[in-house]
Amino acid sequence: MRVPTGISELDGMLHGGLMRGDVTLVVGSAGTGKTTLGLQYLVNGATKFRENGLYITFEHMPAQIYRDAANFGWDIRKLEAEGKLRVVCTSPEVLVKFVESRNPIDPIIAEINAKRIVIDSISHLEASIPRSKLRGELYRLINHLKMKELTSIFTAESHEVFGNRLMVTGVGLSFLVDCIILLRIVEVQSSLKKALTVFKIRGTDHDKQLREFEITSEGIKIGIPFKELEGVLTGTPRRTTEERFAEAFLKAARKGR
Amino acid sequence: MKETSLHELTEKLIGTEIKAELLRLFHTNPGILDTVEGVARRVGRMRKDIETEILTLVELGVLRKERFGDLDIVSLNTSKDREILKKVAELIKGGVKG
């Protein structure tokens with residue numbers, strides 16, 4: 001069963017939405033729109049799909065979230081007052097307690113009957129869990145969320161703005177999650193553009209194209225695939241061989257006239 | 001609380017700079033659910049400097065402090081907070097006493 005994000009083009013790429021109960025990792029460097037995507041998923045859940053949600057943040061203060069969300073026309077305070085969404089601002093060491101039988105997060109999930117959760121960002125857990133235990137604890141957290149039938153999004157910081165390496169935690173988090181969405185900044189003809197791709201979904205097909213996206217006044221809007229370019233994920237794409245050949249052919253044809 | 005004057009109540013609530021900062025933090029960010037150390041980081045203070053003030057606000061009922069395993073988690077007690085704000089408003093309406 002699919003859980004639509006409410007971002008129609010992304011749902012199209014996902015062939016209907018996220019798989020219910022799955023954990024999706026949204027990876028990107030600073031300013032790529034990870035928080036916006038996470039909030040949009042929760043706001044759409046609460047307003048369009050009758051699915052309440054919980055947003056857990058470590059660094060962003062709720063006041064900042066309310067203000068930034070208002071820029072997209074999302075009234076988070078109103079949704080909180082209606083019991084449809086909750087913003088929890090905490091420390092990674094508190095989130096680690098989430099898997100214990102008595103913890104401060106479970107009562108909130110029960111209170112609003114949350115079906116969706118966003119943890120922004122999972123990278124902060126690295127500071128609270130010894131590296132030798134990180135993979136095991138992430139595995140425990142993922143299974144805890146699955147047992148609660150929450151459809152989850154983890155955001156994760158990619159330290160490289162450009163480049164062709166994908167390193168999130170270094171402990172294999174990408175193997176533990178069910179779906180990975182990559183957000184990248186790419187340079188195209190001296191302009192910075194944003195690119196999105198669904199990198200992996202476990203057990204189902206998906207659109208594998210790299211698409212340009214923008215953060216508009218209504219949130220994330222995904223556009224057409226980057227055509228005639230290759231190496232987009234490296235951040236510095238070049239024209240495809242066919243494009244270079246076509247251009248050389250046209251140049252030669254013009255000279256020959 | 002019934003016998004408390006406006007002066008006494010405001011003194012308890014915002015008698016020090018740190019208490020005022022904490023109240024402002026929790027009022028503008030009601031979703032904070034954090035350790036004392038985490039709260040200290042959020043107001044740009046050291047843990048030792050806010051511990052007593054947190055305790056005063058917990059005693060007043062504005063904040064809630066609950067133990068989970070080895071962590072004390074602090075959060076805004078929204079219902080009690082509303083009650084106290086109402087009381088302050090009533091006292092201001094009724095004229096400053098004390």
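A:G53 sits across from A:L85, a residue of strand 5 of chain A. That bridge belongs to a parallel pairing of strand 4 (residues 52-57) with strand 5 of chain A, held over five bridges; two strands count as paired if DSSP finds at least two bridges between them. Helices (H or I, at least four residues) and strands (E, at least two) are DSSP runs, numbered from the N terminus.

Keep in mind that this is a predicted model: local features need pLDDT of at least 70, side-chain atom pairs count only at pLDDT 80 or more, and totals for chains, interfaces and linings use all residues. Residues are numbered from 1 along each chain as its sequence is written, while chains are lettered from A and ligands numbered from 1 in the order in which they are written.

**The sheet in chain A**

**Around strand 6 of chain A**

- Is strand 6 of chain A buried or exposed? Seven of its seven residues are buried, and buried means 20 or more other C-beta atoms within 10 Å of a residue's own (12 or fewer is exposed, in between is partly exposed, with C-beta atoms placed from the backbone).
- Strand 4 of chain A runs parallel to strand 6 of chain A, joined by six bridges, and A:I56 stands opposite A:I119 there.
- Strand 6 of chain A also pairs in the parallel sense with strand 7 of chain A, over four bridges; A:R116 has A:T151 as its bridge partner.

- Strand 9 (residues 191-201) and strand 10 of chain A pair in the antiparallel sense over three bridges, with A:K194 partnered by A:F213.
- Strand 10 and strand 11 of chain A are antiparallel too, over five bridges, and they form a hairpin with two residues between them.
- Within that pair, A:I215 stands opposite A:I220.

- Most residues other than glycine have a negative phi, and most peptide bonds are trans.
- A:R50 has a positive phi of about 55° although it isn't a glycine. You'll find A:R50 in the loop between helix 2 and strand 4 of chain A, exposed, with 9 other C-beta atoms within 10 Å.
- A:E149 is another non-glycine with a positive phi, about 60°. This residue lies in the loop between helix 7 and strand 7 of chain A and is exposed, with 10 other C-beta atoms within 10 Å.
- A cis peptide bond, with omega about 0°, joins A:D120 and A:S121. A:S121 is in the loop between strand 6 and helix 7 (131-147) of chain A.

**Chain A overall**

- Chain A has nine helices and 13 strands.
- Of its 257 residues, 41% count as buried.

**Chain B and where it touches chain A**

- How many residues of chain B are in contact with chain A? The count is 13, against 16 residues of chain A; contact means C-beta atoms, placed from the backbone, within 7 Å.
- Strand 1 (33-35) and strand 3 (71-76) of chain B each give two or more residues to that side of chain B. The largest share, three residues, comes from strand 1 of chain B.
- Inside chain B, the axes of helix 2 (residues 17-28) and helix 4 (residues 47-60) come within 9 Å and cross at roughly 65°.
- Helix 2 and helix 4 of chain B are therefore roughly perpendicular to each other (65 to 115 degrees; under 35 is roughly parallel, over 145 roughly antiparallel, and the rest oblique).
- Among the residues making this contact are B:I18 and B:L22 of helix 2 and B:I50 and B:I54 of helix 4 of chain B.

Key. Two residues are in contact if their C-beta atoms, placed from the backbone, lie within 7 Å. Axes are lines fitted to C-alpha atoms, for helices over the stretch in contact, and angles run from 0 to 180 degrees between N-to-C directions.
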